[in-house]
Amino acid sequence: MSLLQVSNLTFCYEGNSDNVFENVSFSIDTDWKTGFIGRNGKGKTTFLNLLLGKMEYSGSITTDKIFDYFPYRINDSDLEKTVDELCYEWKPMAENWRIICELNNMGVDPELLYRPVKTLSQGERTKAMLAVLFSGENEFLLIDEPTNHLDKDGREIIKNYLQEKKGFILVSHDRDLLDAVADHMLVLNRESIEVMNGNFTTWWENKEKADAFAMAENEKHKKEINHLTTSARRADNWAKKSESTKIGFDPIKETDRNISTRSYIGSKTKKMQSRVKNFERRIEREIEEKEGLLNDIEKVDDLKLNPLKHHKKNIVECRDYSVGYGIMATEESSPALKQKTVVENISFLLEQGDILCLKGKNGCGKSSLIKAILRAAGVNDNSSAALRTNGNLETASGLRISYINQNTSGLKGTLKEYAAAMNLDYSLFLTLLRKLDFGREQFEKNIVDYSEGQKKKVLIAASLLTPAHLYIWDEPLNYIDVFSRMQIEKLIETYRPTMILVEHDTRFCEKLATKVLNL
């Protein structure tokens, strides 16, 4: 057995006042399949970089294993190279035959090793990198969100592949993947770090029980503190009143008293004051036991949405519709032109209150169909200019759409500048981001410096604040933490807005979709 031992780890980014980690200690067996979760911006990727020795820290991290990290970096200059050429830069001791064996384990043709990286899809790049990653020996592997942007089939391949492996930390917000793969969980709570045996569901069930117990204990302590405080106040008032009668009395009105009564009153007052001190000590003890009970409870605020009601029942109607790029294919078109068609002869009806989930492999035309719908509704989107369509696509007149693009690269500037550009109420925008677990310290940063999960939350908050008849969200949950995913699930389940969703989170779609369109 080999351990990864972390002792008194403390780290803070230069210029920040708050520590990302402070005196953190825990240990992990390097044979475990460890799922790693936490809120966006909590420090998951930072911790992996600390393990890799990329940043200075205080404390110690010890193990006899070598670390390697997914995903490998691909620069613009690498796009013309093949994976076979790059793998020796990624892992200098890599052996070609081992990489081919790992690809075979994923059911992937090894020929992709000899294709330029620019010709590989996101899924193919992921599989190639994982094959290189697992081709080494005596390594403890750090895997950072491997299923982002992958379709359902791609996720299944990665899930089945990782089930057969061990000796890694897996950062993921995909609950289905964590349940299938992880045998231990490493969790960044709000105030602590927790290591637990089991998968995500096991951890979540235990957490719900622990949170309920902590809240019950907190209520019990609050009641006891209130009771003791009331009793202490009453005893203190009695003591003060008694003390005030110790000296001086009216012999005519108070015939039952004499000068010798003073000692009796003093003794009685002393007992009352002692009782007050005992109450105060018990109050302090109760407060001490109460402190910290709620520190790690995930306080997920309910989100609100006020979708617009359209006067028509049918929102989008599509009949025998095709989408492509360049010149659309016809019966007389050559095969070369036909290859430009990405969506062919589809039909569906989106009625008010429907949640339509678009499913299909990467590159099957889900985003292209969305762009065609946006264009039909009169939403200005420059990327739809190259689309060529055939068939019938009708949208309700005066349709207002709130759209989330899967691409976050265009986000820049401050939140205030972004809110002004999107015509959003700045105060409401910040309030909603706080509900999505944004720290106040993030408000003054440039959006470019946000994590990918935080950028996604900016897009989601903007969409929720945009009045709309139809919400079109293209892969909104990539990089979003599991707590916020469940928060957004509850929002949609409660308000049932009319939606078109592209999302590869299996549980999210199964729970919410009223209709599914397989492309």
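**Close-up 1. Glu317 faces Glu394 of strand E13.** In this predicted model, local features need pLDDT of at least 70 and side-chain atom pairs count only at pLDDT 80 or more, while totals for chains, interfaces and linings use all residues. Residues are numbered from 1 along each chain as its sequence is written, and side-chain values use heavy atoms, leaving out hydrogens and water. Strand E10 (residues 314–325) and E13 run antiparallel and are joined by eight bridges. Strands here are DSSP runs of E with at least two residues, and helices are runs of H or I with at least four, numbered from the N terminus.

**Close-up 2. Three strands form an open sheet in the order E11-E10-E13.** Their pairing is antiparallel; two strands pair if DSSP finds at least two bridges between them. Strand E11 (341–351) and strand E13 (387–395) are the edges, each pairing on one side only. Helix H10 packs on this sheet and touches E10, E11 and E13 (contact: heavy atoms within 4.5 Å).

**Close-up 3. Helix H10 (residues 366–376) is mostly covered.** Just after H10, look for Gly378, with a positive phi of about 85°.

**Close-up 4. Lys456 sits in helix H13 (residues 452–464).** Leaving aside neighbours within four places in sequence, the contacts of Lys456 include Asn405, Thr408, Asp474 and Pro476.

Conventions: Buried < 20%, exposed > 50% of the residue type's maximum accessible area, 1.4 Å probe, protein only. Axes fitted to C-alpha atoms, helices over the stretch in contact; angles between N-to-C directions.
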